[in-house]
Amino acid sequence: MGVEDSSSHCHLTNATIDGDSAAASSPSSSSSTVNHTLLLLLSDDINSRVDAAKEIRRLTKTSQRYRRHFSVAIAPLVGMLRCLSADANEAALAALLNLAVKDETNKVKIIEAGALEPIIGFLQSEYLALQEHAAAALITLSASSINKPIISASGAIPLLVDILVHGSSHAKFDAILALYNLSTHPDTLNQILQTEPIPPLVNLLKSCKKSSKTAEKCTALIESLMGFEEGRAALTSEEGGILAVIEVLEGGSLQSREYAVGALLTMCQSNRAKYREPILREGVIPGLLELTVQGTPKSQPKAQMLLRLLRDPPYPRSDLQPDTLENIMCNIISQIEGEDQLGKAKQMLADMVQVSMEQSLRHLQKRALVCTPADLPINSCASEVPTK
């Protein structure tokens, strides 16, 4: 899809910003720089406007003060997005991106000024740098709760999912972040599901480093999509889909592992009979065992809950030994096929028990240091432990 070309879109006049230019002036030494740059932005010379956009990008990269001063440049910059010049498009888009960073007001103004239509067009551009800038812009713009439903309704979601398949590695990363931002708004997940995102998400998980930010946001998005039967069915039917999530559970960052176990737990809770076997078949047990000891405060109970759901047969507690994690795991391990998996699971269980014993021993030693009299009742020790 070509970039829209219209001389009326690309031509700017002083009336565009004269009404607001006073707001950009400042008694500080920066006011002359701001005013000079704004005048260049209104020039009839496209090269001067490109230079002005690049200067705005530079000045607003780390300065919130300059983002406020140059907010009056949003409309002229959006106008540059409609010029038939890739250099002008890229310079204006980069400047708008920096204006939107950490500035909620500018984020909303950029959308209100009509930037969304050309940005969506750039997502389909054959010029990779422009496509990447457009995806990056949507990350920042979609961070605004006001913009989320507008962007979701604009047709951006299918194009972002398409970038997951055909885009550059950088564009794919930005597309994932933008989709993740949009997914946090109610009802947007339904729109994402309609684009059949699971296959590209799984392929991206397979190819990226499991401890990367890409894997983290991919897994977060997959966890959200597991709240729908269409998402669960798609992950199960995709070759290597569940395995890709389990690999993140084993080798991802702490946050990624939390998302991964959450995704698998949601599946098993929704229909244990349907999803228990596919999850067990991919060798989830060792990773879950490790997570019960080394996971985050949120992932540890999720891992334990999933282990209980994976136990088979689901006998009532009265028919089993006490429902401890060790007993649950012994029940599961006894049914695992394959020597490698069985050996690894047993070793992980042994390590888990060892860690538990060491923690208990340290706890007892700490109490012994506080309660030095041999006849001191154990329950009186608590009052002696200083608060931290």
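Modeller: Helices (H or I, at least four residues) and strands (E, at least two) are DSSP runs, numbered from the N terminus. The model is predicted, so local features need pLDDT of at least 70 and side-chain atom pairs count only at pLDDT 80 or more, while totals for chains, interfaces and linings use all residues. Residues are numbered from 1 along each chain as its sequence is written, and side-chain values use heavy atoms, leaving out hydrogens and water.

Colleague: Which helices do the buried residues of α12 pack against?

Modeller: They pack against α9 (116–122), α10 (128–141), α11 (147–152), α13 (169–183), α14 (188–193) and α15 (198–207). Helix α12 itself covers residues 156–166, and its buried residues are Ala156, Ile157, Leu159, Leu160, Val161, Ile163 and Leu164. Buried means under 20% relative accessible area with a 1.4 Å probe and protein chains only; exposed is over 50%, and partly exposed lies in between.

Colleague: And overall, how many helices and strands are there?

Modeller: The protein has 24 helices and zero strands. Of its 388 residues, 48% are buried. Among contacts with a separation of 6 or more, 68% join residues 24 or more positions apart.

Colleague: Which residues have the most contacts inside the largest nonpolar core?

Modeller: Leu77 and Leu264 do, in a core of 97 residues. Helix α7 (residues 86–100) gives the most to this core, namely eight residues. Such a core is a set of buried Ala, Val, Leu, Ile, Met, Phe, Trp, Tyr and Cys residues joined through side-chain atoms within 4.5 Å.

Colleague: What does Leu264 touch?

Modeller: Not counting residues up to four places away in sequence, Leu264 touches Ile242, Val245, Ile246, Leu249, Ile279, Val284 and Leu306.

Colleague: Where is Leu249, then?

Modeller: Leu249 sits in helix α18 (residues 241–251). Its relative accessibility is 0%, so Leu249 counts as buried. Leaving aside neighbours within four places in sequence, Leu249 contacts Arg257, Ala260, Val261, Leu264, Gly287, Leu288 and Leu291. Its C-alpha atom is 9.6 Å from that of Glu290, which is 41 residues away along the chain.

Colleague: What about the rest of α18: which of its residues are buried?

Modeller: The buried residues of α18 are Gly241, Ile242, Ala244, Val245, Ile246, Val248 and Leu249. They pack against α15, α16 (213–225), α17 (229–237), α19, α20 (272–281) and α21.

Colleague: At roughly what angle do α19 and α21 cross?

Modeller: The axes of α19 (residues 254–270) and α21 (residues 285–294) come within 12 Å and cross at roughly 125°. That makes α19 oblique to α21. The contact involves Leu254, Arg257 and Val261 of α19, together with Gly287, Leu288, Glu290, Leu291 and Gln294 of α21. Axes are lines fitted to C-alpha atoms, for helices over the stretch in contact, with angles from 0 to 180 degrees between N-to-C directions. Under 35 degrees is roughly parallel, over 145 roughly antiparallel, 65 to 115 roughly perpendicular, and the rest oblique.

Colleague: How far apart are the axes of α21 and α22?

Modeller: They are 7 Å apart, and α21 packs with α22 (residues 299–310) at about 140°. The two helices are therefore oblique to each other. Among the residues making the contact are Ile285 and Val293 of α21 and Ala303 and Leu307 of α22.

Colleague: Changing topic, is Ser48 buried or exposed?

Modeller: Ser48 is buried, with a relative accessible area of 17%. Ser48 lies in helix α4 (residues 46–59) and touches Leu40 and Ser43, not counting residues up to four places away in sequence.

Notes:
Contact means heavy atoms within 4.5 Å.
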